[in-house]
Amino acid sequence: MNSPEATGPDVPDSPDDVADTGRTGELSGVARTSPVGRLAATVERLRREVRAAQAEADGRALIELAKGILVERLGCGPAQAARQLTELAEQTKVPQLQLAVEIINQAAHDRLSEVTSAFLSATAEHPPKDDAPAVRLRAAESGALAAGDSQAVADSLLQHALTPLGAVAVAIWAADADGSLSLAGSAGFSAAEARRWRYVPPGVATMARRALSDRTAQWAGSLTDTGLPSIGHAEHPDGGRVAVPAGSGGRIHGVLEIAWPSALAPQPPQVVRQVEALAELCSHTLETHALPGDFHDVRGTADVCELIDLVDGLHDPALVLVPQLDDQGRLADFRIRHVNGRFLDPAGRPRGTVQGSLLLEAYPLAAGDSGLFQCVERVYATGEPFRARRMDLTALVDQVRLSAVADINVSRHGGTVLLIWRIEDETARLASLLQHAQRLGRIGGFEENLLTGETIWNETLFDLYGRSPSGTPVPLEELAAHAHPDDAVAIGRFLRTVLHHRRPASAAFRLQRPDGVTRHIRVVAEPVLDADDRLFAVRGAYQDISAQHWTEVALAVTRDQLAHTEQQAHERNRLTLQLQHAIMPPAQAPLRAPGLDVAVRYRPAETEQLVGGDWYDAVVLSSGLVLLCVGDVAGHGIEAATSMVVLRNALRGLAVTGAGPGQLLSWLNIVAHHLTGGVTATAVCGIYDPRRRVLRWARAGHLPPVLVRDTDANPLPLLKGILLGAVPEATFEEDEVQLDVHDTLLMYTDGLIERRDRSVEVSLRQLLNAARTTSGTLDHQLDRLLTYSRSDTDDDTCIVGIRVE
């Protein structure tokens, strides 16, 4: 079977073949003398011979092609070319088949030769262990060209080119004009799986479908990663997949899909280009693949004429486009083969100027702004129809940019593209917009001919008057009869201005409709004069302004209510300000105490409520002792202020008893709980003895005072004491502090330090840092503490400061 001129390619056995061989050897070893064993060995031998014969036939076709190239290049006969090929193989020590393929690549300069050169250059240092890529690709090409259908192409691709790449299955899909896919051929998949996937309806998302829509190769490490079903997903769910569009001349005829048994790592560019070259081998059989209901290739004259006859019967403008290929067979443009009689050019050119020209020559900006050319190219490539509403069509005529808006419909019929557009009538569109504007604005137009007495209304005006469109319009002279009697003067002035003085005028009146509904209407009219400056018609419009009228009425009422509310607020603020000044005058008189400087500050929480619940007191008792206290009643406004006045005055009255601060807070707790309606408050109370410079103090749920001595500031110890009014009876712990000359004691409410975004401990540390910086006078120091206070809780603030002199 082998000749001296050709040796078949050493194609490695498939996995199934290897397994079968192993089983045959085992059988011959166990029962080599049995009839069944001898029969199995014979079958296996015949299978190997058939496989070798097929490989030899593929190799012989390539060798014969190389001989033909030598005959043409050397100018010799077939026998001399055969001897020359044999001698070259012996001299170069290269197998004759591989040498034949290299001769073909040098002569062809096609996609396969480019892929082979790139692959060989990338693997120069580490040559592939299997057959040479050139032999595999040319063998696959030979089998594909010799194949009668796509099924034979699939078998050839898997055997010669894809199995060495590790692939186990291949599917060739044919694309129909409606977007569906048909399985034209497959290899490596089971027969049942091929039957299940023989047809994929339009719109079903698969790997092949995505490659067709995107017009690019789709590589996936595993089919599971894509989330898309496809043929063989149950057999190889974790295997790698690639789907490559197969086409030529700008048209995609189908998709080549390849499956690997396991996860696929990213492939080098050489393999990617090799797979793309294999996809091109499938296009020649897919191009002639007949699908049920599909058009024949209409590039022939008869079929184009049939489509032209169909286009001429359409009521919309239509163009028949045929692909225009360049020298390399790539799609370059579309020629406008025919335009029907209803064709309207956006630039206003006659149809004969456009017909016969290229699409990009007639509409050069279609490739950029509108994207029309890309839409046509996509439809021609994939066969999927395209529809769009209100697409901008742009033309360039004499360097002037002209645009129109149109509805677009693009579809492919065999090898021809049908483009239908309906250019929107600008006048009709503006009239429609005006009609919608009148309806939304409740505007009705009229025209009255004063010579003939004819009055014309539009539909909206009949609706405003509450009349049937088949009724009789109301002339201007009868307008007062349909209006409120109180508006007769305004209507009379309006009619005199328009009819007598012949000037435009307007008037507002109340229209009384037949159904009893009263609407507020504004009428606007202008006179129409003839060539002799005589009045012969009046044109105008009525507008329903009822909503505007009632809005103005509502705004007037709202303004009155707002003014009344502002007056009430102003009166309330005046009263609260007077109450604040009565309780705590804005200018506190200096406290006269021997050896003691006392200063107080008060800052209300809000400008709307100038009186709060914070209070302070500093008074010299008859015994010569000084009463110092601050407090904070829960709440704001007049209610909190009245409760604060009760506690402040009660503490002053109780202090004349000479009791200590702890006892005073116990009595004040009884007042808060029983005599003020359940008021709760915090307070610090201190009794200062100027002779001994000793401060006795107690607290009721309040922050302790801060003692500033030299450059150090620290709070006094936290004594036990519940807030006032919480329980009927309570006792409060007392303590004494010995003060020195120049010591400063600060008593304050929590409004000075509280913040929403941090704890009281952090805020207290910031206050201590500020208090350590002493000022020249006590008043300056308190002002400084208020200025640099970081509180943000909108609470009242009181500070009482004493400095020993």
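Me: Is Phe-462 buried or exposed, and what is its relative accessible area?
Reply: This is a predicted model in which local features need pLDDT of at least 70 and side-chain atom pairs count only at pLDDT 80 or more, while totals for chains, interfaces and linings use all residues. Residues are numbered from 1 along each chain as its sequence is written, and side-chain values use heavy atoms, with hydrogens and water left out. Buried means under 20% relative accessible area, exposed over 50% and partly exposed in between (1.4 Å probe, protein chains only). Phe-462 is therefore buried, its relative accessible area being 6%.

Me: What kind of aromatic pair do Trp-457 and Phe-462 form?
Reply: Rings of Phe, Tyr and Trp (its six-membered ring) pair if their centres lie within 6.5 Å; planes under 30 degrees apart count as stacked, over 60 as edge-to-face and the rest as tilted. The ring centres of Trp-457 and Phe-462 are 5.1 Å apart. With 65 degrees between the planes, the pair is edge-to-face.

Me: Which class of pair do the rings of Trp-457 and Tyr-465 form?
Reply: Trp-457 is buried at 9% relative accessible area, and Tyr-465 is buried at 3%. Their ring centres are 4.7 Å apart. The planes stand at 35 degrees, so the pair is tilted.

Me: In strand 16, which residue is the bridge partner of Phe-446?
Reply: Helices (H or I, at least four residues) and strands (E, at least two) are DSSP runs numbered from the N terminus, and two strands pair if DSSP finds at least two bridges between them. Strand 12 (residues 443–449) and strand 16 (residues 535–544) pair in the antiparallel sense over 7 bridges. In strand 16, Phe-446 has as its bridge partner Gly-540.

Me: Which are the edge strands of the open sheet of 5 strands?
Reply: The sheet has the order 13-12-16-15-14, with antiparallel pairing.

Me: What angle does the direction of helix 18 make with that of strand 14?
Reply: Helix 18 (residues 488–500) packs on this sheet, touching strand 14, strand 15 (518–529) and strand 16; contact means heavy atoms within 4.5 Å. Axes are lines fitted to C-alpha atoms, for helices over the stretch in contact, and angles run from 0 to 180 degrees between N-to-C directions. The angle between helix 18 and strand 14 is about 140 degrees.

Me: Which residues make up the uncovered face of strand 14?
Reply: In a regular strand the side chains alternate between the two faces of the sheet. The covered face of strand 14 holds Ala-505, Ala-507, Phe-509 and Leu-511. Its uncovered face holds Ser-506, Ala-508, Arg-510 and Gln-512.

Me: Which residue in the turn between strand 14 and strand 15 has a positive phi?
Reply: Strand 14 runs antiparallel to strand 15, joined by 8 bridges. The two form a hairpin with 5 residues between them. The positive phi, of about 90 degrees, belongs to Gly-516.

Me: How many disulfides does the structure hold?
Reply: A disulfide is a pair of cysteine sulfur atoms within 2.5 Å. The sulfur of Cys-685 is 5.8 Å from the closest cysteine sulfur, in Cys-629, which is too far for a bond. The number of disulfides in the structure is 0.
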